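Try each one before you read its solution.

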Amino acid sequence: YEFAGSTTAGEVAWYIANAGKSTHPAGQKMPNALGIYDMSGNVWEWCEEGYLRGGSWWNPAVRLSARIKEAPKSRDPRFGFRLALSK
């Protein structure tokens, strides 16, 4: 898929064309094949290697492979992070 769970961005992502200039609660779009929601769009997610991935509500739809480098001290309403718990 071009986006996490679909080739159609609007099915899985909040981005500039459909987000209304704000973030949205998690889980309102379709999940990917692993059942994980919001891997594309809504907010850029901080990843361990120091890059942001996934795109945000302010950007055009972003492919899964897209990433941007930001300083760890950067703060912006378009940035977020995901907590992952394992059993």
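**Exercise 1.** Find which backbone atom lies 2.9 Å from a polar atom of the side chain of Ser-40, then work out whether Ser-40 is buried or exposed.

*Solution.* Start at the side chain of Ser-40: its polar atom sits 2.9 Å from the backbone nitrogen of Ala-4. Next, check accessibility: Ser-40 comes out at 2% relative accessibility, so it counts as buried (under 20% relative accessible area, with a 1.4 Å probe and protein chains only; exposed is over 50%). Then look around it: beyond neighbours within four places in sequence, the contacts of Ser-40 include Phe-3, Ala-4, Trp-14 and Leu-64 (contact means heavy atoms within 4.5 Å).

A quick note on ground rules: this is a predicted model, where local features need pLDDT of at least 70, side-chain atom pairs count only at pLDDT 80 or more, and totals for chains, interfaces and linings use all residues. Residues are numbered from 1 along each chain as its sequence is written, and side-chain values use heavy atoms, with hydrogens and water left out.

**Exercise 2.** Work out the strand order of the open sheet of 4 strands and say which strands stand at the edges.

*Solution.* Trace the order first: β5-β4-β3-β6, with mixed pairing (strands are DSSP E runs of at least two residues, numbered from the N terminus; two strands pair if DSSP finds at least two bridges between them). The edges are β5 (67–69) and β6 (79–80); each has a single partner strand, so one side of each has no neighbour in the sheet. Now zoom in on β3 (residues 44–46) and β4 (residues 51–53), which pair antiparallel over 2 bridges. Finally, spot Trp-46 opposite Leu-52 in β4.

Key
Polar contact = N/O pair within 3.5 Å; in protein donor to acceptor, adjacent residues only side chain to side chain.
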